[in-house]
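Morning, everyone. One model today, and we start at the ligand.

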Amino acid sequence: MSSERPDRRGFLCGTLGAAAAGAWMTSCGDGATTDEAVTEAPGLPDGLDPADFQVHQENPLVLEAKREHQRGLVTPTDKVFVRGNLPLPPASILDDRAAWTVEVGGVANPRAVTVGELQRMRPITVAAVLQCSGNGRKYFPHGASGSPWGVGAAANVIWSGVRVADVVDALGGPKGEGLKYLTGSGGEVLPEGFDDAARAERSVPMERALAEGILALQMNGEPLTLAHGGPVRLVVPGFYGVNNVKFVRALALTAEQSTVRMQQKSYRVRPVGESSSPDQPSMYEMNVKSWITGPLGTAAAGSLQVTGVAFSGESPIESVEVTTDGGASWSRAELVGPDLGRYAWRTFAYPWDAAAGTHVLASRATDRNGSVQPETPPQNERGYAHNGWRDPAVTVEIA
Ligand SMILES: Nc1nc2c(c(=O)[nH]1)N[C@H]1C(S)=C(S)[C@@H](COP(=O)(O)O)O[C@H]1N2
Ligand SMILES: [Mo]
């Protein structure tokens, strides 16, 4: 489950501890007042610090990153948001990474491939944004159900692994009637009482998966952590987070989409009030989006720099405009720092001569396909794909 160390305080205590952060000693009681116990206290996996996140939920784990931790070109691994639809597998699955197997099907020679084999194949590295479909959900006025993310369900990370296409080739190439999807299955063992349709499984269009998909073994140059899907995870650059199946156990080219709820019912875009159906659009390609990362809160009057991040599914960012008066006027920001490729986010900066008072700062990105962020995005039942510029605006007090 979510506790990395089933220590003497036990699993339940550990998980309560993370939610309560400072308050865990009350919930965990006995003998927890020694320094040793205090350092062991957080129950989050991978040594993640609850103070770095807004803990929406603990099991399954839902951690929202802070805006100030999104300023960098690359998001440090321990600041990347976490979203689980199911309880995490035990940390012991990382004890022998090389032995982990991925059952590969829909190819001429289907078989189980070990992570050890993947580690010996030609490596590839891609910088790409990881973003939950529901990032920005809290801004939808109808109160869409699901985690109420602000902007913090997004990160820009560097993935290393092997191309899905190389694995498929190594197994003799695609084989089967009418293959249209790549279906990846997560390695979670379902808790008792969960039906099979609750499995973490996604089907993505095969063409895109073979062109761009990777089986990632590393994030930011380090072996994948448990929370982010180690030992191996599927990554489809440019696609929403849900398509990036963690702890991949099986991978197959398939004619049909998976029958699980995550594919059939969830992640379907429809008008507010409508129920879901598999013929509605599924959450695949991300849309154009940006937000301000600084200044936040208060700042001294004078020469300041407004910063932010911008990205779009597979189209590079063309330009970003910034407003410091709530959208009454806009000025072009400068894209700064190296371009890590079309799937990565760009950081931008705008020099601002800030006068005393209250100011509303927002950004609006345009991609090379000509898509521009709207003021308010299309409303939809589950609160997916928010890319409006007004709601994530920040109010800054200049003294
Ligand atoms: N096996 C598995 N993969 C999964 C999920 C999951 O619950 N189980 N959640 C998905 C969702 S909805 C998102 S947004 C991303 C989150 O990735 P992260 O936790 O590394 O940030 O993982 C996706 N892959
Ligand atoms: Mo997600």
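Which side chain has an N or O atom 2.7 Å from a nitrogen atom of ligand 1? Glu188. This is a predicted model, where local features need pLDDT of at least 70, side-chain atom pairs need 80 or more, and totals for chains, interfaces and linings use all residues. Side-chain values use heavy atoms, without hydrogens or water; numbering runs from 1 along each chain as written, with chains lettered from A and ligands numbered from 1 in written order.

Next, the oxygens. The His228 side chain places an N or O atom 2.6 Å from an oxygen atom of ligand 1. For Arg233, a polar side-chain atom is 2.7 Å from a ligand oxygen. The protein covers 100% of the 530 Å² of accessible area that ligand 1 has on its own (Shrake-Rupley, 1.4 Å probe).

Now the shell. There are 21 residues around ligand 1 (a heavy atom within 4 Å). Asn85 and Lys246 are among those that come nearest. By class, eleven are nonpolar, six polar and four charged; Gly counts as polar.

Last, confidence. Mean pLDDT (the predictor's confidence per residue, 0 to 100) is 91. Of the residues, 89% reach 70 or more. Residues 1-42 fall below 50.

Key
Polar contact = N/O pair within 3.5 Å; in protein donor to acceptor, adjacent residues only side chain to side chain. Contact = heavy atoms within 4.5 Å.
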